[in-house]
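This report looks at the aromatic rings of one structure and at how they pair.

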Amino acid sequence: MFRRKLTALDYHNPVGFDCKDETQFRNCIVWLEDQKIRHYKIEDRGNLRNIPSSEWPQAYEKYLQDVNCPFQVQERQEALDWLLGLAVRYEYGDNVDKYKNCEPMAASSNSNKAVDPLVNLDSDSPEFKAGVMALSNILKIQRHDDYLVMLKAIRILIQDRLSPEAITKASQNREGVPVALDKHILGFDTGDATLNEAAQILRLLHVEELRELQTKINEAIVAVQAIIADPKTDHRLGKVGR
């Protein structure tokens, strides 16, 4: 499952690599750091290079933290896939001129047909899970056992918060007016002062939303009236309007 990225990085054994083999896994991590990622200085790689050591897991855990990997030691496949992606990014950054001149692969005979990129998506693959987890961590989205649910939440957040319209609206400065909560009657008592304040805030926000909705309704009414109303009087027809 890591063959494509390992091949792109010129790993010595991309076909026979077994992530579940502890020795192969540790050697791959050390190779990535030594040859591609190079986050540590050479003299600081001793603990990570000491593959037979019983303290290697601790060194690997610290390494994941140092490179800001979003996955834990227990998530072996996801963490390795993330490191491979990081290595590919650094490899491209070091050889931009080499890769930007690469010719694209020949298009297939069905290239003219619209293809849904999600049709062949494997939601159980480590690569998919790693990508979803990385996005959810960046966007601060709550983790869910179903990665498709997380992907749907990411899509909704991007549409609602990161669209050009949402960014433009958010960039507009809106100065709020201080409100004294004690001057607003809640109408009920939760038995907890903190919850009462939270309820008051929610009620005020709801009222604000209702005001915005009423404003939009009024604008719609005015727009409709401008279309259907005609103050001109045609005396020849003996009627007012059209």
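Y60 is buried, at a relative accessible area of 1%; buried means under 20% relative accessible area, exposed over 50%, and partly exposed in between (1.4 Å probe, protein chains only). The model is predicted, so local features need pLDDT of at least 70 and side-chain atom pairs count only at pLDDT 80 or more, while totals for chains, interfaces and linings use all residues. Residues are numbered from 1 along each chain as its sequence is written, and side-chain values use heavy atoms, with hydrogens and water left out.

F25 is also buried, with a relative accessible area of 1%. For F2 the relative accessibility is 5%, which counts as buried. F17 is buried too, at 12%.

A search of the whole structure gives seven aromatic pairs. Rings of Phe, Tyr and Trp (its six-membered ring) pair if their centres lie within 6.5 Å; planes under 30 degrees apart count as stacked, over 60 as edge-to-face and the rest as tilted. Two of the pairs are listed here.

| Pair | Centre to centre | Angle between planes | Type |
|---|---|---|---|
| F2 and F17 | 6.3 Å | 70° | edge-to-face |
| F25 and Y60 | 5.5 Å | 90° | edge-to-face |

F2 lies in the segment before α1 (3-8) and F17 in the loop between α1 and α2 (22-37), so their pair ties together parts 15 residues apart in sequence. Helices are DSSP runs (H or I, at least four residues), numbered from the N terminus. F25 belongs to helix α2 and Y60 to helix α4 (residues 56-66), so this pair ties together parts that are 35 residues apart in sequence.

Ring pairs also link F2, Y11, F17 and W31 into a cluster.

Methods: Helices (H or I, at least four residues) and strands (E, at least two) are DSSP runs, numbered from the N terminus.
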